[in-house]
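Okay, thanks for making time, everyone. Let me put the structure up and then walk you through a few spots in it.

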Amino acid sequence: MKSANVKVVLLDLDDTLIKDRESADEALRQAGHLTFRQNGIDPERFAQAVRQNAKRIFASSSLYPECRRLGISSLEVLWASFNGQGELFRTLREWMPFYRQAVWSSALGGWSVYDSKLAQKLAEVFVSERRKRQILFPETLDALRALCRRYKLGLITNGAPDTQRKKIRATGIQEFFSVIIISGEVGCGKPDPQIIRRAWPILDCFPWETVMIGDTPSRDLAAAWNAGIPGILVKRGNHARDTDQYPAFAEIETLAELPPLLQSLK
């Protein structure tokens, strides 16, 4: 890497460029305010219960292995439309109303509240609140502007096509990228290196001219490692490592550190 001439920078989307977890947490809290007004349930505790129940119910589904392979999360199923092509998305569209009802009902059940209409209302509130919260980190635009003056940029993201495209359109970042690859559109997701390898012919570059930037070691750094390219970890303050198996070439706290870091590699 020290002798490499970096020409291409591949970036993750969620919690690298945009505030995904923070936006989901706020949407959960907004739904929780409804339970507080009606039943006195603390919104923060209720949001935690929804997250836990969503993970549990999602993991018990026969759809879980394929969704996990593509990086589609339990919370994403709570608000995605899954309007993509293919058997998986058709099945998800059929299953998600039952899943959402089960998640919100089971969370309410933790407080001995058994109200199917309230569960349905909470599901609707979350979808509405989550869809309108697509927020960039403060330094994202400046970093992208600096990077695109020197490098070709690619966006490599896991997730459902409709949710990821909505985030990209709402934040207006598509103009910075020469290629955007979404796992749900191509049938493979990080840490599978194939999703990275798809970018190289489009960007007309070699692997040794490429770096991958992301916030999740088990997905972003693992994909970079498997593809044979350096991975740079965005730590995002209190972000906890989910694995130490894939070492980062470098670690940064925010994207503002990325342009000078890449220039120093030359």
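Predicted model: local features only at pLDDT ≥ 70, side-chain atom pairs only at ≥ 80, totals over all residues.

Staying with α7 for a moment, the helix runs over residues 161–171. Which of its residues are buried? Those are Pro-161, Asp-162, Thr-163, Gln-164, Lys-167, Ile-168 and Thr-171. If you're wondering about the spacing, an α-helix has 3.6 residues a turn, so residues three or four places apart point the same way. As for what sits over those buried residues of α7, the cover includes the helices α1, α4, α5 and α8, plus the strands β2 and β3.

Ser-112 has a phi near 55°, and you'll find Ser-112 in the loop between α4 and α5. Is Ser-112 buried or exposed? It has a relative accessible area of 55%, and the cut-off for exposed is over 50%, so Ser-112 is exposed. Then there's Asp-204, with a positive phi of about 55°. Asp-204 is in the loop between α10 and β4, and at 66% relative accessibility it counts as exposed too.

Buried or exposed, what would you guess for Lys-190? Its relative accessible area is 1%, and buried means under 20%, so Lys-190 is buried. What does the side chain do in there? A polar atom of the Lys-190 side chain lies 2.8 Å from the backbone oxygen of Ile-156. Beyond its sequence neighbours within four places, Lys-190 is in contact with a list of residues, among them Asp-12, Arg-69, Thr-157, Asn-158, Met-212 and Asp-220.

Also on that contact list is Arg-219, which lies in helix α11. Arg-219 comes in at 18% relative accessibility, and that is under the 20% cut-off, so Arg-219 counts as buried. The two residues have a polar contact as well: the backbone oxygen of Lys-190 lies 2.5 Å from a polar atom of the Arg-219 side chain. Leaving out residues up to four places away in sequence, Arg-219 touches Arg-68, Arg-69, Gly-71, Asn-158, Lys-190 and Pro-191.

And Pro-191 deserves a look. The peptide bond going from Lys-190 into Pro-191 is cis, with omega near 20°. Pro-191 is found in that loop between α8 and α9.

How much volume does the largest pocket have? About 1,300 Å³. There are 40 residues lining the largest pocket, and the closest to its centre are Asp-15, Asp-20, Arg-21, Ser-73 and Thr-216. The elements giving two or more residues to that lining are α1, α2, α3 and α11. By class, the lining of the largest pocket has 19 charged, 11 nonpolar and 10 polar residues.

The second largest pocket holds about 160 Å³ of space. Its lining is Arg-21, Asp-25, Arg-29, Glu-44, Ala-47, Gln-48, Arg-51, Gln-52 and Lys-55. Which helix gives the most to the lining of the second largest pocket? That would be α2, with 6 residues. Sorted by class, this lining comes out at 6 charged, 2 polar and 1 nonpolar.

Last topic, the aromatics. A search of the whole structure turns up 9 aromatic pairs. Take Phe-58 and Tyr-64: the ring centres are 5.4 Å apart and the planes sit at 90°, so this pair is edge-to-face. Phe-58 is buried, with a relative accessible area of 3%, whereas Tyr-64 is partly exposed at 25%. Phe-82 and Phe-89 make a stacked pair, 6.1 Å centre to centre with 20° between the planes, and both of those rings belong to buried residues. There's also a cluster, where ring pairs link Phe-46, Trp-104, Trp-111 and Phe-126.

That's my tour, and I'm happy to go back to any of it.

Note on methods: Residues numbered from 1 in each chain as written. Heavy atoms only, no water. Phe/Tyr/Trp six-rings, centres within 6.5 Å; stacked < 30°, edge-to-face > 60°. Buried < 20%, exposed > 50% of the residue type's maximum accessible area, 1.4 Å probe, protein only. 1 Å grid on protein atoms, 1.4 Å probe; cavity = no way out; pocket = protein on both sides within 12 Å on 5 of 7 lines; lining within 4 Å. Points joined across faces, edges and corners; volume = space filled by probe spheres on them. Helix = DSSP H or I, 4+ residues; strand = E, 2+ residues; numbered from the N terminus. Nonpolar A, V, L, I, M, F, W, Y, C, P; charged D, E, K, R; others polar. Contact = heavy atoms within 4.5 Å. Polar contact = N/O pair within 3.5 Å; in protein donor to acceptor, adjacent residues only side chain to side chain.
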